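Thanks for coming, everyone. Please bring up the sequence and the model, and we will walk through them together.

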Amino acid sequence: GVASYTWNGTESSFTVRLGHNTATTLSVNVLDGASRTEAVSEDPSFTFVNTGFRITTDGVTAASVGTHTAGKNSNVGFGAQTLFLQAVRTDTNTGSCTGVFSSQTVTVEMAAARINPSGGASAVSVLNSASSMTAIATSAGAPAGYTGVSLAFDAQSKAPLVFNYADAGSLTLHARYLLPSPPASVYMSGSSNTFVVRPFGLRVSGVTGGATGPTGAAFAKAGANFNVTVTAVAWKTGDEADAKGVPNNAAQISGNAATPNFGQEAAAATATISHVLNAPGGGNPGTLTGGAFSSFVAGTRTQAMSWSEVGIINLFALSSNYLGSGQNVTNPAAGLTGVGRFYPDHFFLAAGSAVTNRSGSTCTPASTFTYIGEDIGLAFTLQARNTAGVVTQNYATASGFAKLNPATIAQLGLGAVNATTNLTSRLQPGTRAGTFIAGQAAVTATIKVDRASPDTP
């Protein structure tokens, strides 16, 4: 029962076979020379059994279950695998594997275990011999119960293994079959590797998309908070026409079911919202704040965000490398398009404004007063600012995002008082000019106070 082998230094591998037909556990001890200590991983134990279940793709070799998508059958679309559950035993004459249920329909007990996260209420479903899905017992960490599933095994003693999990996380699949007595209560069994089921996509909601330009309805002030909701969702039929594993568009996943386990993992999954400028073309992209989403509950999270600029943006959601699978979870490739229109929080009169008395006359020295009925010259810089007092560079007349027209003097809201007497109703505009460029307008205008009869000084 004991054998040893000495590596000769020129080989890359060697193969051994346990040459008896009794189930046993074989310890392999690898020694790296007298002066070195081998790692624990170099001393594995292999369990040899007479019968068992394995997962295979071809009926010849064992296979691993790859990463799959929540809500989608494992044999369709992006990441599809053709898998079989195969029942094998040791041939008593040759010692090799041979089928157990060749060309038979057999009820096999099946179960699934949620590994990370281990909680939740979602169950795995598998395809039965009637080509319909059967929900199987799904427990935390290890099987706590089994469900009988009728499976049709072919001549290679393999039955199609198609599964579906509506939630997110890592799982294992288990199968067992009670062997005839004696001995009593002995099962042939087998399990899969631990594999990942990721959400199909991230839905961004709570904000209205579809704005296409400066004529769209106002949405939020530049720099002001607005709420955004991110939800990890499962797949549904029609979501993935190109089989790329990404939602086709935002509308397509608007009603998809959430994956409640997203964010409940041992190292909780998170998501990030980023943006690109949709309009005005060539404008300032601005700064998006509040885009780090964590602490998901039931697969969803709502929090406040803000954007510093004027215009329209597209929002993109990303959860990177879900559970180490190497696969990202995103919203559609185009993002949530047309979020806006964002507009300035307020206007500000910059330093350096000038008032020219009797602007229609050439006075030397300059006049310190203006007669009633004469023009007063105004020159000032008007700024469109966000909530933090920063000039919004995308507020421009040429792009259409500047809604205030300095050349329309009534929009400026000019007023006049004499002590406590309001003279605004007597103001009359004259010439005026001004255009917003990069959030600022150099405004020039003339205005006069109408004469009354009689009038006070």
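**A walk through the model**

Let's start inside. The largest cavity has a volume of about 70 Å³. This is a predicted model, so a word on limits: local features need pLDDT of at least 70, side-chain atom pairs count only at pLDDT 80 or more, and totals for chains, interfaces and linings use all residues. Residues are numbered from 1 along each chain as its sequence is written, and side-chain values use heavy atoms, with hydrogens and water left out.

What is a cavity here? On a 1 Å grid over the protein atoms alone, a cavity is a set of points where a 1.4 Å probe fits but cannot get out; a pocket is an open set with protein on both sides within 12 Å along at least five of seven lines; lining residues have an atom within 4 Å of a point. Grid points are joined across faces, edges and corners, and a volume is the space filled by probe spheres set on the points.

Searching the whole structure gives three cavities of 30 Å³ or more. Which residues line the largest cavity? Among them are Phe53, Arg54, Ile55, Leu85, Met110 and His174. S3, strand S14 (169-178) and strand S15 (187-191) each give two or more residues to that lining. Helices (H or I, at least four residues) and strands (E, at least two) are DSSP runs, numbered from the N terminus. By class, the largest cavity's lining has seven nonpolar, four polar and one charged residues. The classes: Ala, Val, Leu, Ile, Met, Phe, Trp, Tyr, Cys and Pro are nonpolar; Asp, Glu, Lys and Arg are charged; the others, Gly among them, are polar.

Next, strand S5. Is S5 mostly covered or mostly open? Covered: six of the seven residues in S5 (residues 84-90) are buried. Buried means under 20% relative accessible area, exposed over 50%, partly exposed in between (1.4 Å probe, protein chains only).

S5 has several partners. Two strands pair if DSSP finds at least two bridges between them. Strand S3 (residues 51-56) runs antiparallel to S5, joined by six bridges. There, Thr56 has Phe84 as its bridge partner. Strand S12 (residues 158-160) is also antiparallel to S5, with three bridges. Phe84 stands opposite Pro160 in S12. Strand S6 (residues 97-99) pairs with S5 in the antiparallel sense, over three bridges. Thr90 faces Cys97 in S6.

Now a sheet. Three strands form an open sheet in the order S9-S8-S13, with antiparallel pairing. Its edge strands are S9 (133-135) and S13 (163-165), each pairing on one side only. Neighbouring strands here are turned by 25° against each other on average, direction ignored. Axes are lines fitted to C-alpha atoms, for helices over the stretch in contact, and angles run from 0 to 180 degrees between N-to-C directions. Three bridges join S8 (residues 124-127) to S9. Leu127 stands opposite Met133 in S9.

On to the rings. The whole structure holds 15 aromatic pairs. Rings of Phe, Tyr and Trp (its six-membered ring) pair if their centres lie within 6.5 Å; planes under 30 degrees apart count as stacked, over 60 as edge-to-face and the rest as tilted. Phe347 and Tyr395 are edge-to-face, at 5.8 Å centre to centre and 70° between the planes. Why does this pair tie together parts that are 48 residues apart in sequence? Because Phe347 lies in strand S27 (residues 346-349) and Tyr395 in the loop between S29 and S30. Phe347 is partly exposed, at 38% relative accessible area. Tyr395 is buried, at 3%.

Phe347 also pairs with Phe436: centres 6.2 Å apart, planes at 45°, so this pair is tilted. Phe436 sits in strand S33 (residues 436-437), 89 residues from Phe347. Phe436 is buried, at 1% relative accessible area. Elsewhere, ring pairs link Phe53, Phe101, Phe153 and Tyr177 into a cluster.

Last stop, a pocket. The second largest pocket holds about 690 Å³ of space. Its lining counts 32 residues, and Ile376, Gly415, Ala416, Leu427 and Val449 lie nearest its centre. Which strand gives the most to this lining? S29, with five residues. By class, the pocket's lining has 20 nonpolar, eight polar and four charged residues.
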